[in-house]
Structures are given as C-alpha cells and as structure tokens.
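Let's take a friendly walk through this model, one question at a time. Have the sequence and the 3D view at hand as we go.

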Amino acid sequence: MNNEYYLVEGEEKTGPYTYQELINMGITIHTEIITSKSDAPQYASELPEFIDYFEAQGIYFPTGDNLATYGSRIFAFIIDYFLVSIIVAIIDIKSGWITLPAQPTFTLPYPQSIILVASFSATFLLYNVLFELSKFKGTIGKILCKIMVVDIDGQNLKIGNSIVRNLGVLVSLMIYALPFLTALFGEHRQAWYEKLTKAYQISKAN
C-alpha cells in the first residue's frame, strides 16, 4: 500500500505515515486519519485497507455482506436451546427440584413447571451473556455456526446491552416466538431486541 496517511489529534495533523507505520503505532478504531485521497478525517475503522488489521485483533465490523443468515441463526439457537434445556433438566432432577412423573407426560405439576421455567431462564441468560462477553462473542451454537454478536464497532457488547438483548430473547420465547419474526423485517436483520441494544449477528468466514 503506497498511500500516505496523516493522523489528526484535535487541531494537530502529523505525518505523513505509511500503512505499516500506522500499524506499528497500534492505531485504534477511533484513530482519526486523513488519506492522500481525501482531505476529510475518517476513523481508521472506516478505511477498508485496515479491515484485516482489525480482524486480526478480533474486531469484526458489521456490514451488509457479513450479516448472519436467518438459517444459520435459527440453527445456532436450536443448538443452544437444547443444550441449555439438557443442562437445566439434569440439574433440576439431580437437585430434587423436580421429579419425573411415574407415567410419561408432557406436563409437570404447577410448582415444578414454574421452577423449570425459572431455572431455564436464569441459566439461558447466564450462558448467553458470559459467552457473548468472551473472546468468542457468541454461544456454543453460534461458534459452531460461525456467528458472532457484536456492536457497531465490531466489538463485544457491553454487559448491560448483552443482558437486555438476552432478556428480549426470553420474552420472545414466552410469546410463542412470534417476536423473532421482527428479524425478517428489521434493518440489518436485527430482531427488535437487537435493534434496541444496537447488536448485530455477523458471520465469521474463517
């Protein structure tokens, strides 16, 4: 890359620098840069030539080309749903919080069904939030489907946004999953709780 770059800090402009010099300086997504092609300052995250540099740091910007498909999102959710369900069932049965009926049935007595719903909700929330805050930026289902949950800057969600996002998922589950359909019509394939928390589900190619 033969472009010349200038750094902008307040009213001060320094440079010129080469691409490699900027990389060695450890620029961030919010570093303001003027290129030889434009006199207007731009954030480093807005310059295509720095995408590989930021991805090497685990920063993946949401774009129109890398948004996760509906199919992969559904498949990832199914994996996580059954994984959490199995974990919760084992814990609840082993702890004695619920007991299996003598005859096969699809329902549990009222108190036990409340315990099951509450323990599932708490485990699902903890599971999703911890994985979204990790370096994987997504749950086991999302890892297998090569999906990450990121903010507009391509980084992990803040803990508050992750909690709200996953509470939105739980609320949607309780309303017969109909709110999930908002992802079909939402901008950037965002469900209502992702639009609220400025979250994006993107596909990681490798």
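**Threonine 31 and the cores**

In this predicted model, the side chain of threonine 31 reaches the backbone nitrogen of threonine 28 at 2.9 Å.

Q: Where is threonine 31 placed in the chain?
A: Look between two elements, α1 (19-24) and β3 (32-35). Threonine 31 falls in the loop between them.

Q: Is threonine 31 buried or exposed?
A: The relative accessible area of threonine 31 is 17%. Buried means under 20%, so threonine 31 counts as buried.

Q: Which residues is threonine 31 in contact with, leaving aside its neighbours within four places in sequence?
A: Contact here means heavy atoms within 4.5 Å. With those sequence neighbours set aside, the partners of threonine 31 are Leu7, Gln42, Tyr43 and Ala44.

Q: Which element gives the most to the largest nonpolar core?
A: This core has 15 residues, and Leu22, Ile27, Ile33, Phe50 and Phe54 touch the most other members. Two or more residues come from each of β1 (5-9), α1 and α2 (51-56). The top contributor, with three residues, is α1.

Q: How many residues are in the second, separate core?
A: Among the members of this second core are Val88, Phe124, Tyr127 and Ala191. Its residues number 10.

Q: What percentage of the residues of the protein chain count as buried?
A: The protein chain, with its eight helices and six strands, has 206 residues. The share of them that counts as buried is 35%.

Methods:
Residues numbered from 1 in each chain as written. Predicted model: local features only at pLDDT ≥ 70, side-chain atom pairs only at ≥ 80, totals over all residues. Heavy atoms only, no water. Helix = DSSP H or I, 4+ residues; strand = E, 2+ residues; numbered from the N terminus. Buried < 20%, exposed > 50% of the residue type's maximum accessible area, 1.4 Å probe, protein only. Polar contact = N/O pair within 3.5 Å; in protein donor to acceptor, adjacent residues only side chain to side chain. Core = buried A, V, L, I, M, F, W, Y, C linked by side-chain atoms within 4.5 Å.
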